[in-house]
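The following explanation leads the reader through one protein, beginning with the whole chain and ending with single residues. Please keep the structure in view while reading.

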Amino acid sequence: MALPPPDPQFVLRGTSAAVHTLHFSCGGQERDVPILFSGSENGFIHVWNLKTHRVDAALDGHGRKSVYCVETMGGKDRLLSQGRDQRICLWDLAEGRTSVMDSVFTENVGFCRCSLLKVAQGRWLMAMAAKALEEVQVLELPSKTSVCTLKPEVVSIFISFLGLNCGSQPLLLAGYEDGSVILWSLSMGKALSQLVCHQEPVMSLDFDSEKAKGISGSSEKVLSIWSLNEQQNLQVYKTHNLVNAGISDIAIRPDKKILATAGWDHRIRIFGWKKLKPLAVLDYHTATVHCVSFSDHKNPSERLLAAGSKDHRISIWSIYTQT
């Protein structure tokens with residue numbers, strides 16, 4: 001008989017608003033305190049101390065407009081955040097500072113998250129939705145130099161930036177409103193492959209560059225798993241039908257053993273990544289789960305899963321740490 005799903009290891013309260021994005025920073029030195037960053041609908045970014053379960057700092061840089069993307073840039077002292085104020089902020093958090101060093105105006109009013117790829121020490125590529133809804137703009141950071149603009153014939157609502165195993169040529173995967181996923185070459189500035197994965201807009205995706213396999217979710221009752229062959233063509237690998245419609249977010253754990261989905265039905269679902277075997281349904285939240293994120297702890301037994309919800313709470317889980 002299957003074991004009942006566990007309760008959260010602990011719950012973080014105090015955002016006073018729906019939680020839209022989460023990002024861990026736990027893989028530093030032994031003496032470093034593990035951190036979780038959360039972005040909320042009220043415009044605040046909270047820096048959570050995972051030892052004390054309390055907020056170490058609250059960052060206010062988006063004019064009280066919803067924050068829907070947070071990423072660290074080479075350590076917890078450099079943070080990137082994106083909000084509905086059409087700004088992407090670069091933060092300096094070293095030595096207790098809480099200041100915005102620089103920002104990029106996106107001109108895009110949608111919910112499309114920007115995405116980062118490290119290309120050298122201190123140098124990053126950032127993809128973001130451009131002013132024209134169908135375009136993706138790629139900048140180099142911190143210089144903010146434009147690298148290329150990618151123009152398909154459908155409307156982009158989601159981007160996931162990936163460094164695939166292809167030498168020095170970074171590629172980009174983008175999910176679109178017509179349900180398709182497109183693989184782009186940044187060096188050529190053109191689409192390499194396009195695949196219709198859903199009948200509804202793509203809401204979330206993640207990619208495993210080791211297995212050349214990805215997964216996407218939408219507002220419908222299906223997860224689509226797709227692969228990338230040696231000719232860089234996308235093809236449907238399999239689909240998995242869900243009980244309830246609506247996937248806000250998908251995250252594959254860094255060890256590529258399991259994945260988590262954030263559901264409109266208030267639930268977090270855990271699957272085995274190899275065969276997409278359903279492993280657990282985590283039923284704690286009382287409203288839509290907007291985001292899921294796995295920690296980057298070096299010790300597998302310390303691995304955590306965090307989920308942020310419209311109910312203002314962040315649940316923290318220790319699950320399948322020994323797989």
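**From the whole chain to single residues**

The side chains of the protein include 34 positive and 32 negative ones, and the centres of these two sets are 4 Å apart. The model under discussion is a predicted one.

The secondary structure consists of 28 strands and 0 helices. Along the principal axes, the C-alpha trace extends over about 50 × 50 × 35 Å. A compact globule of 323 residues would have a radius of gyration near 20 Å, and the 19 Å of this protein therefore agrees with that expectation. Of the 323 residues, 55% are buried. The protein exposes about 14,400 Å², and 47% of this area is supplied by carbon and sulfur atoms. Among contacts with a separation of 6 or more, 42% are between residues 24 or more positions apart.

Part of the chain carries an annotation from a record.

V70 belongs to strand β6, which covers residues 67–72. Is V70 buried or exposed? Its relative accessible area is 1%, and because buried means under 20%, V70 counts as buried. Apart from neighbours within four places in sequence, V70 has contacts with T21, L22, H23, F37, I45, L80 and S81. F105 lies 35 residues from V70 along the chain, and the C-alpha atoms of the two are separated by 16 Å.

The peptide bond leading from L141 to P142 is cis, with omega near 5°.

Where does S16 lie? S16 is found in the loop that joins β1 (10–12) to β2 (19–25). The phi angle of S16 is near 60°, a positive value in a residue other than glycine. With a relative accessibility of 60%, S16 counts as exposed, because the cut-off for that class is over 50%.

Q232 is located in the loop between β20 (222–228) and β21 (234–241). Phi of Q232 is likewise positive, near 60°, in a residue other than glycine. The relative accessibility of Q232 is 26%, and this residue therefore counts as partly exposed.

Definitions and conventions
Residues numbered from 1 in each chain as written. Predicted model: local features only at pLDDT ≥ 70, side-chain atom pairs only at ≥ 80, totals over all residues. Heavy atoms only, no water. Helix = DSSP H or I, 4+ residues; strand = E, 2+ residues; numbered from the N terminus. Rg over C-alpha atoms; globule rule 2.2 N^0.38 Å. Buried < 20%, exposed > 50% of the residue type's maximum accessible area, 1.4 Å probe, protein only. Contact = heavy atoms within 4.5 Å. Areas by Shrake-Rupley, 256 points an atom, 1.4 Å probe, with all protein chains shown as cover. Lys, Arg positive; Asp, Glu negative; His and termini not counted. Charge placed at Lys NZ, Arg CZ, Asp CG, Glu CD.
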